[in-house]
Amino acid sequence: MTATPKPSPPLPQWKVPFIDLRATWAREREDLLGIMDEVAGDARFILRQEVEELEQRSASFLDVPHAVGVGNGTDAITLGLRIAGIGAGDEVITVAHTFVATVASIVHCGATPVLVDIGEDFLMNPDLLERAITRRTRAIIPVHMNGRCCDMPRILDVAQRHGLLVIEDAAQAFGATLNGIHAGAFGIAAAFSFHPMKVLSCCGDGGLLTVRDAAMAEHARRLRHHGQRNKTEIVHFGFNSRLDNLQAAILLYRLRKLETTLAQRRSIAQKYHTGLANHDKIKLPPHFGLPGDSHQDIVSGFVLRLSKRDDLKRHLAERGIETFAHWSPPMHHWEGLHLKASLPVTERISSEVLSLPVFPEMTDDQVDWVIGSILSF
Ligand SMILES: *Cc1c(COP(=O)(O)O)cnc(C)c1O
């Protein structure tokens, strides 16, 4: 006798949820059911035309030579490191102000993560890179947090002068640009995630690895599919980390609408900037897209900073607003990860950050309710 699994508890009902995936589904339901029916009805499940088409369309959207669909963003980082030949004995520089997956991928390749501090923009501080380089350093993983590109010209400059590879963690940044260049088009490879919490997301797990070099892209295609070439020849050991074909079909549909989605997110960020500009206790994230600005962010998160973060979080929850204090405590404080670092800015910022709701279906009333609730704090 097997027990029937308990039904999942209902998601809490917020007046303003952090994101509203049910609203997204309701809006897209008819289209997506049609797409899924067509794909499943034709039994196109593994590495079929939708995966290939998504790879081609993503590569052309991002202006990168190759894109390889994989199981999730974490695997995209891991495979990116593998095709770059990173392994035991190597050091890889990255940040602690990121999702744990960035650092886990380095560890799973057998390499050693070296953590550097961030700047006031939540991103890798390029000034600190040189001091972190040793004889064993092989690569740098900049993380485009909150959908904003790191200072890539300066990071690439350091990398070039020291012969290091740059692999971007662009999990939160599909569509972000710096000087008109897309996140993902700076390094030798870049990792994207399509997790439901990301801006371009699927209905489950999914990821993409973009690659500059053709032979390295082929290596990634083999690694995701048990080391196989031409579907039959086994060339080396690999993994099972393919982007699911149904998810690829959903992503193709959402990729076509991405510019609209990004415009909606940017307009919400703009309203927050205007509405909260004069609050003297709250520091707003970098403004972007103003005349002369080189950044076009995708607002994966709209992250405030304030010393009474936990009080504001409670205050907003009482008003039905869901927020997150992402990456708090800072990653190197989790004992079980055995990471050693002294990162004063990361530590201070992690005690101050609060991410506000941003999602395409968010109404003007909801945005105003968040702004008003913060102003009344
Ligand atoms: C989401 C995320 C990942 C991991 O992506 P998954 O698809 O969840 O494996 C890696 N890095 C960053 C910065 C992320 O936000």
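The model is predicted, so local features are reported only at pLDDT of at least 70 and side-chain atom pairs only at pLDDT 80 or more, while totals for chains, interfaces and linings use all residues. Residues are numbered from 1 along each chain as its sequence is written, and side-chain values use heavy atoms, without hydrogens and water. Helices (H or I, at least four residues) and strands (E, at least two) are DSSP runs, numbered from the N terminus.

**Helix α2**

Step back to residues 49–62, the 14 residues of α2. Colour Glu50, Val51, Leu54, Glu55, Ser58, Ala59 and Leu62, which are buried; buried means under 20% relative accessible area, exposed over 50%, and partly exposed in between, with a 1.4 Å probe and protein chains only. Looking down the axis of α2, the buried residues fall within an arc of 165 degrees, so they line one face of the helix. The arc is that of the directions from the helix axis to the C-beta atoms. On the other side of α2, Gln56 and Ser60 are exposed.

**The sheet of 7 strands**

Next, show the open sheet with the order β1-β9-β8-β5-β4-β2-β3 and mixed pairing. Two strands pair if DSSP finds at least two bridges between them. At the edges are β1 (66–70) and β3 (112–116), each pairing on one side only. From one strand to the next, the twist averages 25 degrees. Within the sheet, β4 (residues 137–140) and β5 (residues 165–169) run parallel, joined by 2 bridges; the partner of Ile140 in β5 is Val166.

**Asp90**

In the loop between α3 and β2, select Asp90. Asp90 is buried, at a relative accessible area of 12%. Beyond its neighbours within four places in sequence, Asp90 is in contact (heavy atoms within 4.5 Å) with Gly85, Ala111, Thr112, Arg136 and Arg138.

**Phe174**

Which residues does Phe174 touch? Leaving out residues up to four places away in sequence, they are Ser58, Phe61, Leu62, Phe192, Phe194, Leu200, Leu208, Leu255, Leu258 and Ile298.

**Strands β13 and β14**

Move to β14 (residues 353–356), where Val353 and Ser355 on one side and Leu354 and Leu356 on the other are all buried. Strand β13 (residues 302–305) runs antiparallel to β14, joined by 4 bridges, and Leu304 stands opposite Leu354.

**Phe239**

Finish at Phe239, in the loop between β11 (233–234) and α8 (245–256). Phe239 is partly exposed, with a relative accessible area of 34%. Its C-alpha atom is separated by 4.8 Å from that of His226, 13 residues apart along the chain. Not counting residues up to four places away in sequence, Phe239 touches Leu79, Arg82, Leu223, Arg224, His225 and His226.

Notes:
The expected span of a helix is 1.5 Å times one less than its number of residues. Axes are lines fitted to C-alpha atoms, for helices over the stretch in contact, and angles run from 0 to 180 degrees between N-to-C directions.
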